[in-house]
Amino acid sequence: MTIFGQSRLTRITYAVLLLLMFCFDFAKDPIERLIMAEHDQAARELMAPRTGTAVGGEVSGKNMPLMFKGQEELVKQVAASGRKPTAEDMQNFRAMAAKGAIQMAMGTGAGDAETAKLVARRSFFETLYMVAAIAMTAITIVGLLYMVSSRLRDIGWSQYLLWLLLAPVFLPRFFAIPLPTLAIQGITCFFYGMLLVLAFIPGEDSSPPARYKLAQPTSAKRRPGQFGRLGTQ
């Protein structure tokens, strides 16, 4: 079984990538909070009364609170008729309020550029949040697979250990397996502990080469009738 070809990571390279992965993991939450803060700010500005979305005026010489255009017209019609508002009038008033709020939130029927701009901004950060969450999860999974697989290959261990190390962490998340808090903490400690242990195990090619003893030369015995220096074998 092979994954990521024949890539290998030495202890130093693996330790550097592991540190970067830890930093990236801690940065996920602030990134998501920042995106949602911009989204919520756009939503608050969108729901706030503005010119063109909510209006106010005078009816029978009295100042009226801010209301949507349809509501204002209905109030003026009831006031001009001189009658008391009926249950049907109140139901229409509430229906127009709900319709105006939905139109303002969704940006449909927005008559001014400010509302359309805020709707586009809120939609952008809503989409960006989902894309960022998916992208950061993918980076984490692919990064861990590459790091652990390459480190195991450098150590000389079987690649099947990769799934043994990662399965306890990823399986409960993918299949939504309910686990007690103590079990989650134990799995997390085991996972990060094994990642740290891999950074200290020497690679398969990093052990010092074996030393071989050279054979000592032996003196040849003098043959009968041999003259001169003795040769060596």
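## Conventions and overall layout

The expected span of a helix is 1.5 Å times one less than its number of residues. Helices (H or I, at least four residues) and strands (E, at least two) are DSSP runs, numbered from the N terminus. The model is a predicted one, in which local features need pLDDT of at least 70 and side-chain atom pairs count only at pLDDT 80 or more, while totals for chains, interfaces and linings use all residues. Residues are numbered from 1 along each chain as its sequence is written, and side-chain values use heavy atoms, with hydrogens and water left out.

The protein chain contains 6 helices and 2 strands. Read from the N terminus, the order of its elements is α-β-β-α-α-α-α-α. Of its 233 residues, 26% count as buried (buried means under 20% relative accessible area, exposed over 50%, and partly exposed in between, with a 1.4 Å probe and protein chains only). Contact here means heavy atoms within 4.5 Å. Among contacts between residues at least 6 apart in sequence, 64% join residues at least 24 apart.

## Helix α5

Helix α5 covers residues 160-174, which is 15 residues. From its first C-alpha to its last it reaches 20 Å, close to the 21 Å expected at 1.5 Å a residue. The helix bends by about 55° at Ala167, the bend being the angle between axes fitted to the seven residues ending there and the seven starting there. A proline, Pro168, follows within four residues of the bend. After α5 comes Ala176, with a positive phi near 55°.

Leu162, Leu165, Leu166, Val169, Phe170 and Pro172 are the buried residues of α5. Their cover includes α4 and α6 (181-198). For Leu162, the contacts beyond its neighbours within four places in sequence are Ile3, Leu145, Val148, Ser149 and Leu152.

## The largest nonpolar core

A nonpolar core is a set of buried Ala, Val, Leu, Ile, Met, Phe, Trp, Tyr and Cys residues joined through side-chain atoms within 4.5 Å. The largest one has 21 residues, and those with the most contacts inside it are Tyr14, Val148, Leu162, Leu195 and Leu198. Two or more residues of this core come from each of α1, α4, α5 and α6. Helix α4 gives the most, with 6 residues.

Helix α4 has 43 residues and reaches 62 Å between its first and last C-alpha, close to the 63 Å expected at 1.5 Å a residue. Just after α4, Gly156 takes a positive phi of about 100°.

Arg151 and Asp154 form a salt bridge (2.7 Å, N to O); the term covers a side-chain nitrogen of Lys or Arg within 4 Å of a carboxyl oxygen of Asp or Glu. The two residues are 3 apart in α4 (residues 113-155), so about one helical turn separates them. Arg151 is buried at 0% relative accessible area, and Asp154 is buried at 11%. Elsewhere, salt bridges that share partners join Glu38, Glu45 and Arg121 into one network.

The structure holds 5 salt bridges. Side chains of opposite charge can pair when their charged atoms come close. One of the bridges links the side chains of Lys28 and Asp25 (3.6 Å, N to O). These residues are 3 apart in α1 (residues 11-47), and about one helical turn separates them. Lys28 is buried, with a relative accessible area of 17%, whereas Asp25 is partly exposed at 34%.

Another bridge joins Arg33 to Asp29, with 2.7 Å between the closest N and O atoms. Both residues lie in α1, 4 residues apart, about one turn of the helix. Arg33 is exposed at 58% relative accessibility, and Asp29 is partly exposed at 39%.

## Ser7, ahead of α1

Ser7 lies in the segment before α1. Ser7 is buried, with a relative accessible area of 18%. Not counting residues up to four places away in sequence, Ser7 touches Tyr146, Ser150 and Arg153. The side chains of Ser7 and Ser150 are joined by a polar contact of 2.7 Å. A polar contact is a pair of N or O atoms within 3.5 Å; within protein, one must be able to donate a hydrogen and the other to accept it, and residues adjacent in sequence count only if both atoms are side-chain atoms.
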